[in-house]
Amino acid sequence: MVRITEQLVRKRAEHNELLISTLEELSLHQEDIERIEHLGNWCRELKILLLQSNLIPRLENLHRLKRLEYLNVAINNIERIENLESLESLRKLDLTLNFIGELTSVDSLRDNHNLRELFLTGNPCTDYPGYREYVVTVLPQLEHLDGKEVTRGERLRAAKVFPGLRSRIVQLEAQHRIERDEQRVRVARQLDEQESSVVDCDDDEQRKVTEFWEQKSEHCPETRIQMAKFSRRAAEKERQNEELKQTEQQKRRPRKLFADCGRPYSLNEPRLEFDFRDEADRLELELHLYRFLDTSLVNVDAQPRYVRVTVKGKIFQMALQHEIQPDRASCQRSMTTGHLLIVMPKLNPEQVMPVGRKLAPKTGTTGDKLAGAVDIRTICGSADSRDESIPDLI
């Protein structure tokens, strides 16, 4: 079961400098979340909450979000509308492609006086005769239903047929509940059979995947949960295979950073472009990091004769032609471009140095030769954070 954790919320709050108490917009879509929780305690200032494409079966734990204006829970497993009465600022509610068969549950939205837009497209209740007439009569505050404007004339016509409409709707809901109970039993049996047939394919992973996705299944919450579990299992298997492949590659060709005599090699495994400048009193290396790369994935290490930058496990290393002072080196990360600038004071600046030049990027393979010099340290922060000096290296 995927839970809403503080780590997940902070990860999605990068645009708010990782602060969640003042967060006004939060997107937690496509995370396979199975329950709404904690948000009312952590993010009370939310105005926009996007939870579409998850596995949420029930609307709950939202009563403290008094400022929430837009709630999107499309493509989930919700079967009735409930527990939204306290969202006094709610203006737009999207319940597209859920499993709502209890149309009378829209009555719970009567006290949401600011509600102006409601989306129920793709739910079983929209197939009931008189669906639209019922909703526009029960919710007179609505201005748009399923993306279509509710006119005054439509509301007057719906009010005329409403007295006999509710009893018919209640009968259709009762029939839907009976069919839904039968479906639960039937689908549970089918899923057990599918799971057992897939287990028999342990000898061939590709055949196992094909066998699962070719089996027929009903469109219901239980099936969506089963598909999500199988997708996670397949993704985990793919990740393990990728890690195993990388491990085998490293074993076949071990990475060499130094020659037998101790001289550092220059290499560019992440295949990054860079600019190198040899000034009179310092060396400057501008490494063209990816703009949206999180800086926590970058590690910098400066030594008197070489500089090393590790980017997501891949090493950029440059042997230095001049000895530098690591304890006086500094780094900055650009907020606009994401580039990393490393400035390294020379140990003996009075020596004559070659004219500064720009070096072309090299292919990232062990032993690639790069001219130039560099110095680095460990960096912390966000990839798109403002330019910020880093403390001296040790």
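Cysteine 331 is buried, with a relative accessible area of 1%, where buried denotes under 20% relative accessible area, exposed over 50% and partly exposed the range in between (1.4 Å probe, protein chains only). Cysteine 43 is likewise buried, at a relative accessible area of 0%. Across the whole structure, zero disulfides are found, a disulfide being a pair of cysteine sulfur atoms within 2.5 Å. The model is predicted, with local features requiring a pLDDT of at least 70 and side-chain atom pairs counted only at pLDDT 80 or more, whereas totals for chains, interfaces and linings use all residues. Residues are numbered from 1 along each chain as its sequence is written, and side-chain values rest on heavy atoms, with hydrogens and water left out.

In soluble globular proteins, nonpolar side chains tend to be buried together. The largest nonpolar core comprises 51 residues, and those with the most contacts inside it are Leu49, Leu71, Leu84, Leu93, Leu95, Leu103 and Leu118; such a core is a set of buried Ala, Val, Leu, Ile, Met, Phe, Trp, Tyr and Cys residues joined through side-chain atoms within 4.5 Å. At least two residues of this core come from each of α1 (6–11), α3 (131–138) and α4 (152–199), helices (H or I, at least four residues) and strands (E, at least two) being DSSP runs numbered from the N terminus. The greatest contribution to this core is that of α3, with five residues. A second, separate core of 22 residues includes Leu293, Val307, Phe316 and Ile342.

Aspartate 94 belongs to strand β4 (residues 92–94). This aspartate is buried yet lacks a salt bridge, and lysine 92, the nearest side chain of opposite charge, is 6.0 Å away. For this assignment, Lys and Arg count as positive and Asp and Glu as negative, with His and the chain ends not counted; a salt bridge requires a side-chain nitrogen of Lys or Arg within 4 Å of a carboxyl oxygen of Asp or Glu. When neighbours within four places in sequence are set aside, aspartate 94 contacts Tyr70, Leu71, Asn72, Val73, Ala74 and Phe119, contact meaning heavy atoms within 4.5 Å.

Most residues other than glycine have a negative phi. Glutamine 30, in the loop between β1 (25–27) and α2 (39–42), has a positive phi near 55° and is exposed, with a relative accessible area of 58%. Asparagine 83 also has a positive phi, of about 60°; this residue lies in the loop between β3 (70–72) and β4 and is partly exposed, with a relative accessible area of 32%.
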